[in-house]
Amino acid sequence: MSRLLKVTDIKVDFPIGKAGFFGRKTAYVRAVDGVSFEIQRGETLGLVGESGSGKTTLGRAVLRALEPTSGQIVYEHNDTSVDIMGLDRNGLRAMWRHMQMIFQDPYSSLNPRMTVRDVIGEPLIANKMAKGTALNDRVVDMAQRCGLNVAHLSRFPHAFSGGQRQRIAIARALILHPEFIVCDEAVSALDVSIQAQILNLLTDLQVQLNLTYLFIAHDLAAVAYACDRVAVMYLGQIVEIATTEKLYYTPKHPYTEALMSAIPEADPSQVMQPVFLTGERPSPTNPPDGCRFNTRCQYVTQICRESSPALKEGESGHLVACHHAGELTLKGALEHGASISTETRAS
Amino acid sequence: MQNDVLLDVRDLHITLDFDGEDIPVVQGIDFKLSAGKVLALVGESGCGKSLTSQALLRLLPRELRISSGQINFRDPDTQSTVDLASMPAECKAIRNIRGNHIAMIFQEPMSSFSLLHTIGNQIGEVIRLHLKATKAEARALSIDLLDKVGIPDPARAVDQFPYEFSGGMRQRGMIAKALACNPSVLIADEPTTALDVTIQAQILEIMRRLKADDGMSMIFITHDLGVVAQIADDVAIMYMGKIVEKGPVGEIFKNPQHPYTVRLLSAIPRLGDLSSRRQLASIRGSVPSLFERPPGCAFHPRCDSFKPGLCDDQFPPLTQLSPIHEVHCFLYQTAGEEVAS
């Protein structure tokens, strides 16, 4: 596998509060604070974290759909390294043909005044890449790949259910044959049975079209299912990245442990025994000194309050930002209740 | 009514008034809630689970009404049984039950509190209305309740406004408010859906303790089968306004019988076996709209065991697979008849 994307020390600031008299901004909140990671061609990297952890902001910043404050983004395209941050507006627009996004809410992401055919075909027209019968052929082909019926194409989005709308949004994102897709909570708003259909569709399309996904979600079970590797974010920073199995079964960061142990497994004989986090999540406007998790971590020591741990590689491919990463033995998903048999539960 | 049954819902129908036309939304459901038990009503969006829970307290929106059926509630103090479905929606008797004997918590902790009053005033209002307590007593009780649901520094929190609370704290505040009059039944409508997973675990733990320590009976509305497995004693699976399968949680998860339940359970991503990932079973098609309800068993267009002429003709009657496990499906109906003959 070759590298597709390398992100280094990316930061995103948002101004908060009112602008001053001369338009000066008074304060900033750092939504993403020095994040670095790589994505290999053809893989799915999951990005998880609680609301407000900065995962959506990071997803957008990687595409420069939202302008990062600083950092480097290098994208490998046709055997050349493209510096995304150095591109001008036209250069960026040209690169966006290869990088697309799928959003959470299929109700607000589709224009209600356009037919499905126009919605899916619009990127081709905007980029002057096809017209006439060629345009129609490509729209029909992509719609069918996404499980839509040709008869659906002349209808408007309101005639479709959430799952069908998400298929339309996927077809629109893929019509330009991009290489890299940011899926921002793409299955979160869907019912269980439909979520399974869309997850399966994304996987099939990945194989057929050789796609690379950045899969942002808060549903940890769906992420485990869809991703090769997973990164965990807390207060704007990545605290752990590893392969899915390693991250879920043998987490090395105390925050990952709290997340994993809190997943309610759909099995009544597996009684959940979560590691409860104490206190409230600190505000991103005023993050704690040292390790950002130190205010809620049960393994906290003096060093955690003083210095911020770097994201370091312990085992190969398993990166953790914790001073005590090597010393702690942490619970993974499903480790709870493994010893509790069905009989004791039933009684 | 049996002694330990608090709520006995019989053949409940809810219809939507759509420009003078009656559209059936909930079509004759039956369930019982026993003391100290958690019953989960499970289904995908549009199955009628939330409307059922609202109907129990007569909180249905204006365009919806209970068209027939009974909601028998036994008051644990007086031991008298009343039919909530037969009462006017705004009578004194129902107000006395609502919040006092049966309390409800909602999905949206953000919109369930008034922004203009302190948390303590809002919990205290319930206490003063129902228990005729003084302001000082109400305040003291509010602090106790906030403490019980795990809010740190309850004496300070009682004077805070909802905007000062995080989402998880607001949901705890909601539970505290619901518990104010020590109700015998708690109806929880998707109480953890809007919360992060670590907060969800905390809320589930509070609810589990309520059940274990106080013997609270609950009706838990959710679409999340993981949450159901962790909290429920009994499960009723709903599809398009009908209960299709009902039984104890262990039985439903280990031994599901209705094709919808079987497919639903295999469609959830599980952590137990990550090596087999990326091949989820899904249910083809999607839930039809209320106005295009398929005749007979509403699941038949999506079902692999569909029998033409039977499933699309009539809704299958109840089959009692065991004393505790019920299903509505012709697959078992024929089997049952064979055994009988």
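**Figure 1. Helices α6(B) and α7(B) cross at roughly 15° in the predicted model.** The axes of α6(B) and helix α7 (residues 197–214) of chain B come within 10 Å; axes are lines fitted to C-alpha atoms, for helices over the stretch in contact, and angles run from 0 to 180 degrees between N-to-C directions. The crossing angle therefore makes α6(B) roughly parallel to α7(B), where angles under 35 degrees count as roughly parallel, over 145 as roughly antiparallel, 65 to 115 as roughly perpendicular and the rest as oblique. Helices (H or I, at least four residues) and strands (E, at least two) are DSSP runs, numbered from the N terminus. Residues are numbered from 1 along each chain as its sequence is written, while chains are lettered from A and ligands numbered from 1 in the order in which they are written. Because this is a predicted model, local features need pLDDT of at least 70 and side-chain atom pairs count only at pLDDT 80 or more, whereas totals for chains, interfaces and linings use all residues.

α6(B) passes α7(B) in a right-handed crossing; a crossing is left-handed if the near helix is turned anticlockwise from the far one by less than a right angle, and right-handed if clockwise. From α6(B), G167(B), G168(B), Q171(B), R172(B) and I175(B) meet I199(B), Q202(B), I203(B) and I206(B) of α7(B), two residues being in contact if their C-beta atoms, placed from the backbone, lie within 7 Å. The contact of α6(B) with α7(B) consists of four nonpolar, four polar and one charged residue; Ala, Val, Leu, Ile, Met, Phe, Trp, Tyr, Cys and Pro count as nonpolar, Asp, Glu, Lys and Arg as charged, and the others, Gly among them, as polar.

**Figure 2. Helix α6(B) also packs with helix α3(B).** Helix α3 (residues 119–131) of chain B and helix α6 (residues 167–179) of chain B have their axes 8 Å apart, at an angle of about 25°. The two helices, α3(B) and α6(B), are therefore roughly parallel to each other, and α3(B) passes α6(B) in a right-handed crossing. On the α3(B) side, I119(B), Q122(B), I123(B) and V126(B) meet G173(B), A176(B) and K177(B) of α6(B). Four nonpolar, two polar and one charged residue make up the contact of α3(B) with α6(B).

**Figure 3. Strand β1(B) pairs with strands β2(B) and β4(B).** Two strands pair if DSSP finds at least two bridges between them. Strand β1 (residues 5–18) of chain B runs antiparallel to strand β2 (residues 21–34) of chain B, joined by eleven bridges, and I14(B) stands opposite V26(B) in β2(B). Their hairpin has two residues between the strands, and D19(B) takes a positive phi near 50° there. Eight bridges join β1(B) to strand β4 (residues 64–74) of chain B, again antiparallel, with L7(B) opposite F73(B) in β4(B).

**Figure 4. Chain B contains an open sheet of eight strands.** The strand order is β6-β7-β8-β3-β9-β10-β12-β11 (chain B), with mixed pairing. At the edges, β6 (102–105) and β11 (319–322) of chain B each pair on one side only. Neighbouring strands of this sheet are turned by 20° against each other on average, direction ignored. Within the sheet, strand β10 (residues 242–248) and strand β12 (residues 325–327) of chain B pair in the antiparallel sense over two bridges, and K246(B) stands opposite E326(B) in β12(B).

**Figure 5. Chain A contains an open sheet of eight strands.** The order is β6-β7-β8-β3-β9-β10-β12-β11 (chain A), and the pairing is mixed. The edge strands β6 (99–102) and β11 (312–313) of chain A each pair on one side only. Strand β3 (residues 44–48) and strand β8 (residues 212–216) of chain A pair in the parallel sense over four bridges; L45(A) has L214(A) in β8(A) as its bridge partner.

**Figure 6. Helices α3(A) and α4(A) pack at an angle of about 115°.** The axes of helix α3 (residues 116–126) and helix α4 (residues 132–145) of chain A lie 10 Å apart, and the crossing is right-handed. R117(A), I120(A), G121(A) and L124(A) in α3(A) meet L135(A), R138(A), V139(A), M142(A) and A143(A) in α4(A). Six nonpolar, one polar and two charged residues form the contact of α3(A) with α4(A).

**Figure 7. Chain A is in contact with chain B.** The contact involves 42 residues of chain A and 34 residues of chain B. The largest share of the side of chain A that touches chain B, eight residues, comes from α6(A). That side of chain A divides into 24 nonpolar, eleven polar and seven charged residues. The predictor gives the complex an ipTM of 0.87 and a pTM of 0.89.
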